[in-house]
Amino acid sequence: MSEAVKIKLSKKDLESDQDVRWCPGCGDYAILATVQRTLATLGVKRETTVFISGIGCSSRFPYYMNTYGFHTIHGRAPAIASGLKVTRPELDVWVITGDGDGLSIGGNHMIHALRRNMDLKILLFNNQIYGLTKGQYSPTSAMGTRAPSTPSGAIDYPLNPIQLALAAGATFVARAADTDAKLMGKILEEAYKHKGAVFIELLQNCPVFNDGVWEGVKDDPSNKQIALIDGKPLTFAGGTKGIKLGAGLMPEIVDVKDGNTSELLVHTERGSSLYANALAQLVQPNFPMPMGILYRQDKPTYDQLAQAQVTEAIEKQGAGDLTKLLYSGMTWEVGADGTRH
Amino acid sequence: METKHLDRVVIRFAGDSGDGMQLTGTEFAKAAAEAGNDISTFPDFPAEIRAPAGSLFGVSGFQLHFSSSEIHTPGDAPDVLVCMNPAALKTNLKDLVDSGTLIINTGAFIEANLKKAGYQANPLEDGSLDKYKVHAVDISHLTNTALDGTDLSTKEKGRSKNFFALGLVFWMYGRETEGEIRRIYQQFAKKPGFGEANVKVFKAGYHYGETAEVFQTVYKVPPATFAPGMYRNITGNEAIALGLVVGAELAGKKLFYSGYPITPASSILHSLAKYKNFGTLTFQAEDEIAAMGAALGAAYGGSIAVTASSGPGIALKGEAMGLGVMTELPVVILNIQRGGPSTGLPTKTEQSDLSQSLFGRNGESPLPVLAAKSPGDTFYCAIEAVKIATRYMVPVILLSDGYIANGSEPWPLPNLATLPRFDVIHRTDPTGYFVYQRDERTLARSWVIPGTPGLEHRIGGIEKDALTGNISYAPENHEKQTKIRQEKVDRIAQDIGELDLSGGESGDVLIVGWGGTYGALRQAQQALSQQGKKVSHAHLRWLSPLEPGLAKIIHNFKTVIVAELNMGQLRAVIRDKFLVDAQGLNKIQGQPFKVREITAAVDKQLESLPTASTSSSHIQVNA
């Protein structure tokens with residue numbers, strides 16, 4: 001009997017018995033289906049897979065996964081997931097969050113989970129809006145976004161999630177659109193294999209409060225997206241255009257003549273953070289958006305380092321002896337006569 | 001030279017926050033414990049690490065009570081006051097007993113320092129100290145002289161002067177010096193130059209006492225009598241850390257501790273970070289919320305999860321604590337209370353977070369609350385908190401305070417073999433499992449942890465169906481779940497021990513207290529009883545649920561006085577629960593009760609008897 005056959009799951013095995021309660025047409029459905037399908041393909045174990053979320057539409061996600069799941073409180077999922085991962089390093093811990101949950105109320109936890117290279121797979125559903133609270137603008141909303149809380153238009157400059165993740169120290173940074181099941185599946189597969197802090201920005205449509213906000217990217221992949229391939233130059237529009245760095249390291253769109261890509265930037269997943277940050281700056285409407293794995297780096301994770309310190313302490317000091325610990329420091333004995341000996 | 005025997009001494013060291021008074025006090029306390037005295041300490045320091053030299057607000061003090069008989073408090077008033085500068089004299093003199101002993105570093109009584117302390121004239125010269133036994137010693141100069149020929153800078157030499165003071169009091173109280181010299185070398189092992197210098201100065205102080213003819217008497221405080229056994233000196237924060245490690249061991253689980261730096265809780269994290277060879281994991285989180293969140297995550301994964309803070313940090317943790325209540329996960333939350341509100345008095349003590357503990361979360365969010373009564377008691381409270389949290393699947397708040405956390409006492413070491421185990425068993429059987437299925441006795445749900453095949457499930461902060469754990473907004477279900485969460489806490493009463501009562505089960509006055517006021521309240525009650533007064537003292541360990549033993553006796557007294565270092569937070573609970581006209585004895589000065597404040601308040605109540613008291617006014621403490 002083959003163990004491999006036994007643990008092989010189908011997408012259905014990863015669906016919980018709960019009714020999915022997102023609005024019709026929500027981009028979350030596509031993401032859920034891709035996650036379920038990919039994990040089934042990867043042959044993960046349901047019992048060692050945990051989904052942890054904060055608050056918001058996306059954060060209902062764990063209820064729909066037939067794995068372990070914890071729907072927590074607004075913005076705190078990375079902190080709660082960190083406590084779980086440090087103590088149970090053998091678990092695969094996924095964090096589901098959104099632009100409000102993960103970048104506004106929970107921004108601090110996001111930064112520090114990434115900084116520590118905590119081995120968490122963080123999926124940030126970016127729809128540039130607060131959905132569950134009925135449509136307020138979010139930290140990723142474009143300037144001028146009109147929402148119930150900004151009837152005259154948002155005057156906040158938006159946050160670039162990829163830049164934030166890179167600056168904070170994420171060791172795997174990627175981006176995909178909600179409906180691009182093929183790319184998302186590929187990224188999830190690589191993310192699953194990666195040991196360390198994963199940050200994936202998913203461009204997600206909210207059909208009710210911010211419909212079509214990513215259409216400028218999704219409606220014309222050839223011209224509005226750069227499909228990132230490791231080792232290949234940054235091109236789009238069927239290879240007729242590309243990206244180079246001009247004076248002051250300013251990214252520029254240039255025409256590719258006669259297939260000559262020598263002046264173009266060459267995508268390097270394990271490139272410098274300078275390169276990765278240049279990539280992060282390519283956003284609509286001035287540039288096509290890079291899609292795929294933008295950056296990765298291998299370095300020890302927090303849980304590995306924490307466990308290593310425990311192992312080292314045990315090697316050096318021996319396994320803890322409680323009696324010895326209690327009796328450490330200045331101790332003395334009082335004899336039967338009640339005085340010190 | 002005369003040797004005088006004393007039963008007990010209260011000594012206070014006071015100086016600039018950079019003068020090393022905490023170290024001096026701690027070392028002298030060790031020597032007293034080493035000599036077999038019972039001791040109780042009270043460090044009292046400003047929040048500033050190095051406040052401007054010579055300023056009144058920068059004065060740091062350390063009070064030590066050592067005795068040849070059992071003591072419960074660091075003493076009401078010092079018999080001996082060591083002042084390293086004018087500011088220390090100015091701020092501490094009012095506490096010294098009449099005709100008490102003053103040891104003054106005259107080297108610091110220069111024009112500039114006198115001015116900073118607000119002295120118009122030098123108190124050493126204007127006769128204002130005549131009623132005290134004043135020993136004027138130029139400690140600054142003598143320290144410098146002792147270090148002549150070393151290659152230390154003037155500034156570095158100045159730092160050693162606390163060891164001169166230490167040497168001097170060692171001589172005054174006839175303490176053995178070998179142990180101290182050994183400790184100094186150990187402490188400065190990495191900077192042997194300083195170790196050598198400090199030993200030189202320490203010896204110089206000791207020999208000064210011996211040879212200078214200013215001290216005519218050596219005082220001896222004979223050893224106290226203790227119950228037989230092994231002892232060590234311990235502070236509340238050290239004992240609580242040990243209790244957590246032992247608690248996790250008794251549960252058969254690994255300890256996870258997350259915290260964010262905050263006074264006066266931080267040193268618990270420092271202690272536990274050294275216990276990694278016990279498998280203990282510590283996590284310094286990015287903020288208080290994350291510390292609470294990480295603890296919840298660790299509890300979800302099956303660890304004994306603990307976080308600690310003080311009032312302001314607990315406020316930040318509130319929402320996540322509510323998530324723990326809702327998802328019924330075992331977490332221990334330590335609140336080492338300080339003065340509030342807001343930043344308040346970070347280094348001072350207060351009991352003003354009781355209401356916050358009981359009620360400080362949104363919604364109906366009950367959780368168990370217990371409070372430690374002394375430094376050594378925190379050890380047992382920590383174990384009890386772990387036991388209750390895991391047995392009832394509920395977050396537990398354990399209250400300590402700055403006074404207990406930093407204060408120390410001789411502590412009879414527990415015999416580990418006699419501590420009962422409470423091994424945690426995680427459910428692994430998928431048959432008939434429901435997430436919120438409950439134990440009949442405790443109403444706890446099963447602690448099923450990720451990694452268990454066939455028991456995959458989802459939990460969260462949204463209201464849950466009382467059996468399946470699926471999201472439920474059903475009206476009756478919410479009321480049912482709310483009541484279950486309360487009943488779970490109430491049922492903890494079945495696992496609570498006997499009420500800690502001193503005195504009769506009926507009488508004229510019942511003093512009710514909780515937490516760190518124990519020593520002063522117990523000593524006051526015993527003193528009053530010895531005078532033939534019908535006064536009892538009940539000290540509560542459990543505040544939620546309230547100690548069941550209290551209900552049995554509270555109506556048997558003519559007057560109930562609830563003594564607390566707050567505006568009457570427990571009193572409100574007691575009045576609500578028992579409909580008794582409890583009087584409040586309240587002090588909100590960032591300082592512990594003095595025994596005489598309590599005896600005075602009780603005497604005042606006794607005088608007003610048998611006329612039934614009708615007012616609900618507070619009894620004011622004027623220290």
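A: Strand β12 (residues 331-334) of chain A and β9(B) run antiparallel, and four bridges join them. Strands here are DSSP runs of E with at least two residues, helices are runs of H or I with at least four, and both are numbered from the N terminus. Two strands pair if DSSP finds at least two bridges between them. This is a predicted model: local features need pLDDT of at least 70, side-chain atom pairs count only at pLDDT 80 or more, and totals for chains, interfaces and linings use all residues. Residues are numbered from 1 along each chain as its sequence is written, while chains are lettered from A and ligands numbered from 1 in the order in which they are written.

Look at the pairs themselves. A:Glu333 has B:Met230 of β9(B) as its bridge partner. A:Trp332 stands opposite B:Tyr231, also in β9(B).

The pairing goes on into chain B. Three strands form an open sheet, in the order β12(A)-β9(B)-β16(B), with antiparallel pairing. Its edge strands are β12 of chain A and β16 (408-412) of chain B, each pairing on one side only. On average, neighbouring strands of this sheet are turned by 35 degrees against each other, direction ignored. Axes are lines fitted to C-alpha atoms (for helices, over the stretch in contact), and angles run from 0 to 180 degrees between N-to-C directions.

A helix covers part of this sheet. α9(B) lies across β9 and β16 of chain B and runs at about 115 degrees to β9(B). Residues are in contact if their C-beta atoms, placed from the backbone, lie within 7 Å.

Now widen the view to the whole interface. Here 59 residues of chain B are in contact with 55 residues of chain A. Several elements of chain B each supply at least two residues to that side, among them β9 (229-235), α9 (236-251), α1 (21-34) and α12 (311-327). α11(B) gives the most, with nine residues. By class, the side of chain B that touches chain A divides into 32 nonpolar, 17 polar and ten charged residues. Ala, Val, Leu, Ile, Met, Phe, Trp, Tyr, Cys and Pro count as nonpolar, Asp, Glu, Lys and Arg as charged, and the others, including Gly, as polar.

What does α11(B) meet in α3(A)? Its residues B:Gly293, B:Ala294 and B:Leu296 are among those in the contact, and α3(A) brings residues including A:Ile80, A:Gly83 and A:Leu84. The axes of α3 (residues 77-87) of chain A and α11 (residues 288-300) of chain B come within 6 Å and cross at roughly 45 degrees. The two helices are therefore oblique to each other; angles under 35 degrees count as roughly parallel, over 145 as roughly antiparallel, 65 to 115 as roughly perpendicular and the rest as oblique. α3(A) passes α11(B) in a right-handed crossing.

α1(B) also packs inside its own chain. Its axis and that of α7 (residues 178-187) of chain B come within 10 Å and cross at roughly 140 degrees. B:Glu27, B:Ala31 and B:Glu34 of α1(B) make the contact with B:Gly179, B:Glu180 and B:Arg183 of α7(B). By class, that is one nonpolar, one polar and four charged residues.

Last, the chain around these parts. Chain B has 20 helices and 24 strands. Its C-alpha trace spans about 85 × 65 × 45 Å along the principal axes.

Definitions and conventions:
A crossing is left-handed if the near helix is turned anticlockwise from the far one by less than a right angle, and right-handed if clockwise. Two residues are in contact if their C-beta atoms, placed from the backbone, lie within 7 Å.
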